[in-house]
Each structure stands twice: as structure tokens, then as C-alpha cells.
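Subject: Structure handover

Hello,

Here is the structure I said I would pass on. My notes on it follow below.

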Amino acid sequence: MENKFFENPTIHVADITVQVADLQRSVAFYQDFLGFQVIEKTTHKVMLSADGEKVLITLEQREEVIAKQRRTTGLYHVAILLPTRKDLALFLKHLLQAGRAYKLQLGAADHLVSESLYFSDPDGNGIEVAADRLSRKWNWSGESVQMSTDPLDADGLLESATAEWTGMPEKTLIGHIHLYVNDLTKAREFYIEGLGFQEVTAFHGASFLSDNGYHHHIAINTWNGEGAPIPDSNEIGLKFFTIVYPVKETLDKAKHRLEALGYLVDEGMVKDPAGNQIFLTDSVKEEMFT
């Protein structure tokens, strides 16, 4: 990884769990197409990794799963962060070749701090595959970082695709998670005053939050509408995601701040004001299969 924000003591998103309608179909997409490794599997749950050890994405199929509803809170997209720009180039080449079989609706953007490709999995869960530009090239003004949504130079990117995509590189990480919320003021209070992130950019009904000078670990928006409903717990989509704190002391302080704001933290689990569920820990969790 060319930038070191996930190696330094940084609050960050480590993994995400999503509920799907057809586990076999989803595994085919994430394993065969995206190139993740399956490291644990049961009848109703599959854990995916890039390096064969660290879980990045968990897929679950509940017995009474219900269809994804429109214009609710929940997952906008999860960003899969590749180690280098060349990795992104190889993935773009693969996406243009193999992605046709999945009839993907593709999006792309140059965010100045990163270059990104966008599409959804078979259940409509949003995915961003991205590579960061070198952090020394990011443009900061005080505590704000300059970001944009400019057209991606796809042709220039493809010039670096001198090999074939062979699956997710070992150093692939969850770069950030972008969430639909239903009250931006309350959500900002939760993530900034409660969890301890800092706002680094805000525009168009959205706020971008980070720790330790990264461009963003969390993004929140009200693009599904102020007061958007919270999805049912059995609904396809986000189940929860994990935020890791660098040391237990910072985690304990965050829990105390959340409780002072009126949020219940139960065995590390907490819900933001929009019903998005988060697991808070000071180390990568070890999920038990039941």
C-alpha cells in the first residue's frame, strides 16, 4: 500500500457484513468475478478475504430474507481499496471484459485523492473499487481536503494494464464505507462527537469523515431523503460493519461519549441515528460461525 494510513494508529473500517438473497450467486460474484478468497463457509454465511487471513466482507443469507426496499437508510457503497494504481488498471481491464456477463451498470470518477470504479453486486449493494493517489499530492486547506467528482481518464488508466487480473491483491483493504442517513446533523454528531472522526469535506447533503489525515473513512449522505425510513432487519443490504480503534483506551472513550449522547453500546454493537449497525473493537474481530 503506497499510503500508510491503515498501518498508523488510525480509526478505520475493517470489514462489512451484508445480507444477500442467494448466497451461491453472491459467492460466485465476489469470488469468481471480483477475485476474493473464501476462507470460511457455512450453509448461511461466507467470509471473504484478499490475503487468505483477514476477513473483509461477510455474506449472509437469512432464512426469511426480504427484498431490498428503495430510498431507505443503509449502504450506499463499500469501497474496496486496491494497493496501487496498476492494480486498479488491471481490474478495469477485467471489468470491461468479464463484467459484461453480469450486465453491470458502470460508473467511474476521479476524486483527486483517488480514482474509482462503481457498480453493484447482484443484490444491488453498491461497490466502489478504488486506488488512492499518493497522499503528498492531496490538496489540503487547513483541516479540509480537496475532493471532486471529475471524469476518470480510463484510457490513461488502461495504459498501465500490462498484465491480467488474477484476483484481489493481498494488501487490499476496506478503504471506506458510504452510508445513507436520514438526518445529517444527528449523524454528524454521532460520528464526530461520538465515534471521534473529523469532518474533512462536506457538500451536496453529504459529509466526509476521517481520522489521522486520511481523505475519508466514513461518508454519510441524505440523498435518499431527510427522514428516509430504516430498513427491516431481514432486508437485503447492510447488516453491520466493523470500526477498529488503535488502542483500547480510545475505544473506551468513544463508548463513553456515545453513552453520554444517549446511544446504547451493547457488547460492542451500536446503531447510528439512521439504524446503521456498527461493531466497535480495538482489534480485528474473530467471528464465530454458528
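This is a predicted model: local features need pLDDT of at least 70, side-chain atom pairs count only at pLDDT 80 or more; totals for chains, interfaces and linings use all residues.

Nonpolar cores

The largest nonpolar core has 64 residues. Within this core, the members that touch the most others are Leu34, Ile57, Tyr191, Leu195, Ile218, Phe241 and Ile243. Helix α2 (residues 85-98) supplies the largest share, with six residues. Another core, of 13 residues, lies apart from the largest one, and its members include Trp138, Ala206, Tyr214 and Ala219.

As for Tyr191, if residues up to four places away in sequence are not counted, the residues it touches are Leu179, Gly196, Phe197, Leu209, Ile218, Ile220, Phe241, Asp272 and Ile278.

How many of the residues of strand β13 are buried? Five of the five residues in this strand (residues 206-210) are buried, so β13 is largely enclosed by the rest of the structure. In a regular strand, side chains alternate between the two faces of the sheet. In β13, Ala206, Phe208 and Ser210 point one way, while Ser207 and Leu209 point the other way.

Strand β12 (residues 198-203) pairs with β13 in the antiparallel sense, over five bridges. In that pairing Gln198 stands opposite Ser210. The hairpin of β12 and β13 has two residues between the strands, and His204 takes a positive phi near 50° there. Strand β14 (residues 218-221) also runs antiparallel to β13 and is joined to it by four bridges.

Glu189

Glu189 belongs to helix α4 (residues 184-194). Leaving aside neighbours within four places in sequence, Glu189 is in contact with Gly194, Leu261 and Tyr263. Glu189 and Pro273 are 84 residues apart along the chain, and their C-alpha atoms are separated by 9.4 Å.

Positive phi in loops

Two further residues may be of use if you check backbone angles. Arg71 is not a glycine, yet has a positive phi of about 55°. Arg71 lies in the loop between β4 (55-60) and β5 (74-82). With a relative accessible area of 48%, Arg71 is partly exposed, because the exposed class begins over 50%.

Glu267, also a residue other than glycine, has a positive phi near 50°. Its place is in the loop between α5 (248-260) and β16 (269-271). Glu267 counts as exposed because its relative accessibility is 74%.

Regards

Technical notes: Residues are numbered from 1 along each chain as its sequence is written. Side-chain values use heavy atoms; hydrogens and water are left out. A nonpolar core is a set of buried Ala, Val, Leu, Ile, Met, Phe, Trp, Tyr and Cys residues joined through side-chain atoms within 4.5 Å. Buried means under 20% relative accessible area, exposed over 50%, partly exposed in between (1.4 Å probe, protein chains only). Contact means heavy atoms within 4.5 Å. Two strands pair if DSSP finds at least two bridges between them.
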